[in-house]
Structure formats: C-alpha cells, structure tokens
Amino acid sequence: MDLIKAAIQDGVLGQDFLTWLWFRSEKNGWLFRSSDGREFNVYLEQRLSVRGGSGDNVEKAVVTGPHAEFTEAKLGLRNGKLVDKALLRLERDGATWTVLLGSDDFSLSGLKTPKIETRLEEGDDPDAPFLEKMMLLDQCLEFVDDLYRQFLEIRLSTGWNDELRTFREWLSEQ
Amino acid sequence: MGILAASGSFTRYAVVGDMTGQIASEIPERLAKYSFRDIDNTADERSFGWVCLEDWLDSFWHAAPPEKAHYVAFSLRLDTRRVPPAVFKKHFLLAVKAEKEAMKETGKSFITKDRKSEIKDQVMLKLRTRFLPIPAVFDAVWNLRSNMVLLATTNSKVRALFEDHFNMSFGLSLEPLTPYFLARRMTDESRHALLDDLEPSPFAAP
C-alpha cells in the first residue's frame, strides 16, 4: 500500500471525478447506465462545495439551497476551482438514495437509503432488516462505483481532452 | 452509529489478503478474543473492543451471532474517560497547596519539577476513578463474498483505531477505498503507472 502516493493522487482523482460528474450528469439529462445495463438517475443538488489552491492558499466555496443553481459554484469552476464535496441523489425505480461524497477520501456522509421495515412479525427472519439494509447500502456503493468506473474509462483514455472541451462549452453556456 | 439508522456516515475498506475458509471460520472466536472489556470499575483511561451489533452491552454474542448470510456484522465499542481540564486544574492546585502546607513543617517551600509531575499523575488517577467512561459504538460489516468492510464512521481517529484493532484481531490489513486505491482496483495493471502520474485536469482553461 503506497500511502504517500495515494495521499497525493486521491485529491487529483477525487476532485476530477466529482467535477466531471456534475457536468456529465447535466449533460446526460441526469441519466446513467449501471454495469448491469439498467438505467439510474444521478442528481447533484442542495449542497456542493468547490475548492481551489493548495497549502495555505486553499479557497473554498460551499453552496447550499433546496433548488440551488450553483451559480457561485460555477463561478468557482471558471476561476479554476474543482468540486470537493457533492450531495448526490441517486434514483432507480422510484427508490432514492442520498449521500454526501467527499473527493479526498470518498467518505460517504449522511447516506440515506430507501426506508426499510424494522418491525418484525412472528416467524420473520431476525436478520431480515439487516440484510435488507445491507442490500440497499451495497446498491448505493455499486452506483458510486459504476459512476467512478465510467469516469476512469474516459479519464485514462485519449478521449479526455475532448471531454474537457465539451466541459468548457457546458461551463460557458451557464 | 447504527447500520440500521435512517442515515449514516461510512468508510469503505478492502481486506488485503486472501480470505481463506479457515480465517472465515475463526472470525467469531477472534471477535470474542478481542472483545470489549468494561472499565467502569477501574481507573483506566480508555478501553475498546468488539461487541455484538444487536446489543452493544454484549461482548459475548449472546443476543445474536455475528454471521448474517455472507456478512459478518459486529461493532467497535470505545469507552473513554474524560476528566474536564477545569476540574483537573482545580484539584491539582488544591494538591499543590496541601503539599506546600505539609512542607512548612519541614521548613522547605520549593516543589521540584519531578514532584509536581508526580502530583499531577496522582491527581489524574484519583479523579479518573470518579468519572464514568463515555461509551461510543461504531458498527462494522464485513462482506465475505467481496472481502470488503464497511465501517459506520468517517472520524479519522476512530478509523485508525478500527484499522489497528482489525489487524490485531484477524491478522489482516485494511486498504481504505479512497479514489486512488479504488481506481487501482478498478483498472487494469497496465494503467497503474498512468494513475500514479495524473495531474489535476485543466477544467476551466486549456
């Protein structure tokens, strides 16, 4: 485990990913396809933070609001900042997950899954609520992994420069 | 924070090393060996160890076994005794005063540095027995199929403690699934050098 290499590259990969995800989700009409071929929706909303600079010169802007347009955050992007934390809303078949994803370590804060039934009836498996919750948590992690895998595919390909050009067009349209 | 709570914060790990049948079968035994020990009736500053996920007062898994389908679920309990600094300061000053009073009889008035530090230790020990430890519990789930662990906290101190205690208990280390490590797991080995040298992308301007 190369922890020093990881500490440097975590920030680069994480911020690139979340910045790409914001643009890509809007560009795709918030629609992505998971590895099992099914569609799911990804919205970045309510809370987003952008960060720029390094060392003592780090500048951050946190934008929150129920239907935030993130104008301030987009201004930050134009000034070279990148997305640092984003509240993701993931939806499939009417079920909703929300999670605040941190770019530096992929910490998952305030992860909410669809509601589960915790009351047991007689004869129910006592582990049923736990297993249902784990299935929902695993599903959320799969969504995040699918998005990250799609990002890595383009990020590590020669197509990344074209992707960045499309990103700049998107940013100038805002 | 409970796995079953409506909302929770999580850190993900990959268990490094092969998951053999022997290790899997030894998990309950190892959890019990490295389980939590109560310190309510001691002066210990801190105690930590594994407890039953369903009942964090249970270090013996009487309430429910840790195995659930292809998961092993348990909690890390951490009890910490905290003596508020102001309380410590007051009792330390009182002890120094008492020491000076006692010294008057011998005609001395100077307390050496070593003696001061001795008084500090004694005061702290005495106060610790009067404060009850504050318990905290963090759920963890080990998916034996994927060999990944989900820990219900993002607190860096608790994470470090969990990683060490996991390693101590099972002889296996944990790799945090941060962007870099996750990327290495998701990509072909031929692209690992690329991952090592990535620079931040010029998103705003070429």
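Which kind of contact do the side chains of A:K60 and A:D84 meet in?

**Entry 1: a pair in chain A.** I began by noting that this is a predicted model, and then I looked up A:K60 and A:D84, whose side chains meet in a salt bridge with a distance of 3.1 Å from N to O. I saw that this pair links distant parts of the chain, since A:K60 belongs to strand β3 (residues 59-64) of chain A and A:D84 to strand β4 (residues 82-92) of chain A, 24 residues apart. I also checked how far A:D84 is covered, and because its relative accessibility is 4%, A:D84 counts as buried. As a reminder to myself, I wrote down that side chains of opposite charge can pair when their charged atoms come close.

**Entry 2: a pair in chain B.** Next I turned to B:R77 and B:D38, whose side chains meet in a salt bridge at 3.9 Å, N to O. This pair, too, links distant parts of its chain, with B:R77 in strand β4 (residues 71-80) of chain B and B:D38 in the loop between α1 (21-33) and β2 (46-51) of chain B, 39 residues apart. Are the two partners buried or exposed, or in between? I found that B:R77 counts as buried, because its relative accessibility is 6% and the cut-off for buried is under 20%, whereas B:D38 is partly exposed, with a relative accessible area of 46%.

**Entry 3: a pair within one helix.** I then looked up B:E118, which forms a salt bridge with B:R115, the closest N and O atoms being 3.0 Å apart. B:E118 and B:R115 are three residues apart in helix α3 (residues 113-128) of chain B, so about one helical turn separates them. I noted B:E118 as partly exposed at a relative accessible area of 42%, and B:R115 as partly exposed at 24% relative accessibility.

Entry 4: Over all chains, the structure holds 28 salt bridges.

**Entry 5: the largest pocket.** Finally, I looked up the largest pocket, in which about 400 Å³ of space lies. It is lined by 20 residues, and those closest to its centre are A:D138, A:D145, B:R12, B:S146 and B:M148. Which element gives the largest share of the lining? I found that α3(A) does, with seven residues. Sorting the lining by class, I recorded 11 nonpolar, three polar and six charged residues.

Key: Residues are numbered from 1 along each chain as its sequence is written. Chains are lettered from A and ligands numbered from 1 in the order in which they are written. This is a predicted model: local features need pLDDT of at least 70, side-chain atom pairs count only at pLDDT 80 or more; totals for chains, interfaces and linings use all residues. Side-chain values use heavy atoms; hydrogens and water are left out. A salt bridge is a side-chain nitrogen of Lys or Arg within 4 Å of a carboxyl oxygen of Asp or Glu. Helices (H or I, at least four residues) and strands (E, at least two) are DSSP runs, numbered from the N terminus. Buried means under 20% relative accessible area, exposed over 50%, partly exposed in between (1.4 Å probe, protein chains only). On a 1 Å grid over the protein atoms alone, a cavity is a set of points where a 1.4 Å probe fits but cannot get out, and a pocket is an open set with protein on both sides within 12 Å along at least five of seven lines; lining residues have an atom within 4 Å of a point. Grid points are joined across faces, edges and corners, and a volume is the space filled by probe spheres set on the points. Ala, Val, Leu, Ile, Met, Phe, Trp, Tyr, Cys and Pro count as nonpolar, Asp, Glu, Lys and Arg as charged, and the others, Gly among them, as polar.
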